[in-house]
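Colleague: I would like to go through the labels attached to this model and hear what each one rests on.
Modeller: Ask away.

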Amino acid sequence: MNILRKVVETFAHVMPDRDRDELIQRHRFLGQPISRLDGRPKVTGAAHFSAEYPVEGLVHAAIVYSTISKGAIVAIDTSTAQQAPGVLSVITHLNAPQMKVPPPFSVGDSPSSGTTLVKILNTDRISWNGQPVAVVVADTPEQAEHAASLIHPVYAAEPGVNSFEESIPQAKQPKEIMGEAPEVKKGSADVILKDSIHRVDLTFTTPPYNHNAIELHAAIAIWDGNDKLTLYDTSQFTAGTAASIAGVFGLKTENVRVISPFVGGGFGGKGGLWPYTQLCVLASRITGRPVRLTPSRAGVFRIVGGRTPSQQRVAIAAEPSGKFSTFIHEGVTAQSTDNHFPEQFSFPPRHLYAMDSYRIAQKVTEVNRVANTFMRAPGESIGTFAVESAIDALAYELNLDPVELRMRNEPDRDPVSGNEFSSRYLREAYTMGADKFGWKNRPAAVGSQRDGDWLIGQGTATGTYPVYRVVTAARLRINADGTAHVQTSCQEMGMGTETVQTQHAAERLALPMEKVKFEYGDSTLPAASVAGGSSQTISVALAVHEAADNVIKELLSLAQKDSESALAGAKFDDIHAAKEGIFRRDHPHLGQTYVAILKHAGKDFVEAEHKTGAPLETMKYSMHSYAAQFCEVRVHRLSGEVRVSRWVGAFDCGRILNPKTAVSQFRGGIIMGIGMALTEETMFDDRTGRIMNPSLAEYHVPVQADVPHIDIVYTDIADPHTPLGAHGVGEIGITGVAAAIANAIHHATGKRITSLPITLDKLM
Amino acid sequence: MNNFTYLRATDANSAVNLLAANSTQGAAARFLAGGTNLVDLMREGIETAHALVDITRTPLADVHQLPDGGLRMGALVRNSHLAAHPLIREKYPLLSQAILHGASAQLRNMATTGGNIMQRTRCYYFYDTASRCNKRAPGSGCDAMEGFNRIHAILGTSPQCIATHPSDMCVALAALDATVNVTGPAGERSLPFSEVHRLPGNTPEIDTNLKPGELITSIDLPASTAGLSSVYRKVRDRASYAFALVSVGAAIKIDNGTIQQIHLALGGVAHKPWRATIAEQLLRGADATSENFAKAAEAELALAIPRRGNAFKIELAKRTIIAVLSELTANEGARQ
């Protein structure tokens, strides 16, 4: 931990908490199952996704991808491609202008969305199989694709590090993991483990996974002269993309406008700047035409990273009571040779259980593969698979119910930092989930339930995900007609952003929802951070809250210029927003509407822009969401086929702002977890580093028939230390899922499968 | 995808003539029906036909009964129509079941009977033009041999190719003794279904025994396999929209515990829909017991050659054969 961080953390601990927000108790719109405002435009086709904007004179680009994982381009003959029908330009490292490499991904005051340090199209070096080596621009997408297929570079191939498994002996401990120490320890974990009667010691592996959002990555670039750019890009981070693209092409950030209101699924795969965006801008610059670049599904596999593979060891020793005496979680993930992202799989046990001693550590290796990136609950999703499978195994070792074992190790304070929990109701979530699932009816013995050829089992696991809040700016305006505009550059990836933020602003301003317009997805609006880490909802909400306070203060002072005003003499603490205006708390009938105040003041509007402060509260408190996942599986005794037949997810995520959209997020996370557990795997050929299943036919995401009915329950207990009492809900759903399934499979069959995905051959 | 000429045929003869007129040595034209596989392959640069002859307007989309009690299915009958056809459901439920286990509803709406027979393998290395593949580029080698081969063949393989034929429908047609009727430059002929697809041998680039320019016009099912008890069982990696790791199609007639008639075929295990003739021979006239089923399954898989990733298929195929035949025996028992 660096000194600056230590100073800030010390400061954070003495900082007073934010005043309690009275909206935590309000239920006019917040907490209501309001249908998506963007639902109708989406199903009627009125909503434009990035590739769909009608642009006059649009031409199209296609990428040529390398077919080796390491080496150099010796020759690249583009003459045939240049002569192909409709071709306007062929760009390679031989003729591309110099571009700057965007700095690595960063949120905060200097946002950047860089994903790799490879000099795309400015080098003859190849670092991964699939690296772009040329771009073709043509009149139609088909002409561009065809011409691209005519380019066959000659390579001098070198042996790359293609195999994660073989790279493990070279693993190193990184300096830090997202600002945290790569290793934390207390006591003599190994000695305690060795001397313990009750213990488990298991090694787990998880495969690489790829993003498969329904909307393919896509960009349209339109230059205005040499110094201004409009970019439609499917992005979870318009501000980061704008800053990074400005840096790459030497532009002022304010001259790059990134527009991305609708994103057809992100999950982390659209958080970074992937090469297609830069190449689209480059192609447009060189041809002087607006250019669209939409990689194919296979292209997305080749140039957009996914989840790292991992190898993890979990060893736990326990007293006969079940109390953990030591806890070891250590392992290795991969990153590419040209990025830095050691995925934080070791975070869950740092906060989940009371432990007298522990060693929690992680290392990372470098492979010649496309840079790994965020994928729904990076770290926690694969980390909980290992940890929660091992705890299940320990429960059998101790002959204890798996829920009971977890409850016996509930901590009073964060076990590693010692911080107080801001809000932790995992016990309540387990009680609710177990009740809904009927856990008490589950026979303890493995292999004891059968329906014909199907063996039945039930499993459970804990899920967890941190509460992150990021610095966010928002502008709020109240107009003379009594409507309000809220603006921030944040994203709508389908999770209900527009809906929930409109609910919030309407509740905050005491306006009907129809009078609030929430504008987003445009980098020229006040900067929001990346829509990632389940941070967006509360981060935006706080910015809007504070901007609204400023607007109301100004309205109050305007009103008080009129000595006749019912608000005369009132201080800010004496009033609140009510009935489309400002009213006294002690005399609720005394006040003025926004319309009246602005009319009297002769103003068209009042507005305020506000940027939130750093999330010091997350240093003072241990802030996390929790899940108790319960499932039932059926395993065919002959074929080993697994079917998930029942699911109950019980969540403790602070206050739920919109049950409809939140439950949809929980379900989506669980479904993605079912794929992670049973069917998904990116097949990197160890000989070539090449992905061999880059399609939805061969990369098996769950289909409808793989997904059972999913019941969701939640505690709905407000966290006093978060905006609106809420937590983000985008990522928690997937955590614990793979472990719950593996544990249910063990219950059904007696087989403990420690490597994902759990395909049928592992159970035959 | 390369540029190509698009031509439209009005009937089978015009289709054959158009194809012949637009084919030269080394530059083949292709018939286009549903296009669910061919168009994909062209987009991936695997098929490079310079001309397509669209046969979807030809009158080959009929299903009707033959005088001997059999059934004739036009080559252009859509998979979804065929699966739902009352005559198929009544007389050859195995075919209907097999089709419904394949692809997705959307694909079945487009795909045709003839096209389903002509579909090509799903081997990862066949689909990737950066990989070596003897089927796509004869003589280049086979990257599947030492690569990802969990989905690959265990029976009838060659040192050149371990690809599988991916069809479900064809497993049923193989089991049910179908006949494929074709027409071509040299006139009409019929092939028993077992002779339509080939084993890879030294020429894995050739999938079928159709001659250049020949067009499938219809498929016949014989009266002899109508109305039998049947089961199609497909084992795969997800509940829908995945190719078979192993599938078993079986139709059977049992009299007093003795197997009178047995039709058994496997999918996902070979370069062609695999008619289990060894097992059939052992079972025909034998008692319908699980011991006999196990012996037959063992004998059928005796010559299987596993690779690193697909050894499990041998045991999976045996277990699935035994399970399917046991299920059919139980069904027959219940019926008598």
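Colleague: Which residues does A:H624 touch, not counting residues up to four places away in sequence?
Modeller: This is a predicted model. In it, A:H624 touches A:H351, A:D414, A:S423, A:T464, A:Y465, A:P466, A:V467 and A:H727. A:H624 is found in strand 27 of chain A, residues 624-636.

Colleague: Why is A:H624 called buried?
Modeller: The relative accessible area of A:H624 is 6%, and buried means under 20%. A:H624 therefore counts as buried.

Colleague: What makes the pairing of A:H624 and A:H351 a polar contact?
Modeller: Their side chains are joined at 3.5 Å, and the rule takes a pair of N or O atoms within 3.5 Å, one able to donate a hydrogen and the other to accept it. The pair is listed as a polar contact on that basis. The side chain of A:H624 makes another such contact, with the side chain of A:S622 at 3.3 Å.

Colleague: Why is A:G457 called buried?
Modeller: Its relative accessibility is 0%, and the label needs a value under 20%, so A:G457 is buried. A:G457 is found in strand 18 of chain A, residues 454-466. Leaving aside neighbours within four places in sequence, A:G457 is in contact with A:Q449, A:C631, A:E632, A:V633, A:A744, A:H747 and A:A748.

Colleague: What separates the C-alpha atoms of A:G457 and A:A444?
Modeller: The distance is 9.9 Å, for residues 13 apart along the chain.

Colleague: What makes A:L121 worth a remark on its phi?
Modeller: Phi of A:L121 is positive, about 65°, although the residue is not a glycine. Most residues other than glycine have a negative phi. A:L121 sits in the loop between strand 3 (87-92) and strand 4 (125-126) of chain A.

Colleague: Is A:L121 buried or exposed?
Modeller: Buried: its relative accessible area is 2%, against a limit of under 20%.

Colleague: Which label does A:D716 get, and why?
Modeller: Its relative accessibility is 39%. Buried needs under 20% and exposed needs over 50%, so A:D716 counts as partly exposed. Phi of A:D716 is near 60°, a positive value in a residue other than glycine. A:D716 lies in the loop between strand 31 (710-714) and helix 19 of chain A.

Colleague: How do you know that the peptide bond from A:L756 to A:P757 is cis?
Modeller: Its omega is near -10°, and the bond is assigned as cis. Most peptide bonds are trans. A:P757 is found in the segment after helix 19 (737-749) of chain A.

Colleague: Which residues of helix 4 of chain A are called buried?
Modeller: In helix 4, residues 141-149, they are A:A144, A:H146, A:A147 and A:A148. These buried residues pack against strand 1 (59-65), helix 3 (79-83), strand 3 and strand 5 (132-138) of chain A.

Colleague: What makes A:D21 and A:R508 a salt bridge?
Modeller: Their side chains meet at 2.7 Å, N to O, and the cut-off is within 4 Å, so the pair qualifies.

Colleague: How many salt bridges and polar contacts are counted between domain 1 and domain 3 of chain A?
Modeller: The count is one salt bridge and six residue pairs in polar contact. By class, the side of domain 1 that touches domain 3 has 10 nonpolar, six polar and four charged residues. In contact are 20 residues of domain 1 and 20 residues of domain 3. The area buried between these domains is about 1,500 Å², of which carbon and sulfur atoms give 61%. Their centres, taken over C-alpha atoms, are separated by 36 Å.

Colleague: What makes B:R122 and A:E698 a salt bridge?
Modeller: The side chains meet at 3.5 Å, N to O, and the limit is within 4 Å, so this pair also qualifies. The rule finds four salt bridges across the interface of chain A and chain B. By class, the side of chain A that touches chain B has 13 nonpolar, eight polar and 10 charged residues.

Colleague: How much area do chain A and chain B bury between them?
Modeller: About 2,600 Å², 59% of it on carbon and sulfur atoms. In chain A, A:R687, A:M692 and A:M764 lose the most area to chain B, together 22% of what that side buries.

How values were computed:
Residues numbered from 1 in each chain as written. Chains lettered and ligands numbered in written order. Predicted model: local features only at pLDDT ≥ 70, side-chain atom pairs only at ≥ 80, totals over all residues. Heavy atoms only, no water. Buried area = accessible area lost by both parts, 1.4 Å probe. Nonpolar A, V, L, I, M, F, W, Y, C, P; charged D, E, K, R; others polar. Helix = DSSP H or I, 4+ residues; strand = E, 2+ residues; numbered from the N terminus. Buried < 20%, exposed > 50% of the residue type's maximum accessible area, 1.4 Å probe, protein only. Contact = heavy atoms within 4.5 Å. Domains from an automatic or database assignment.
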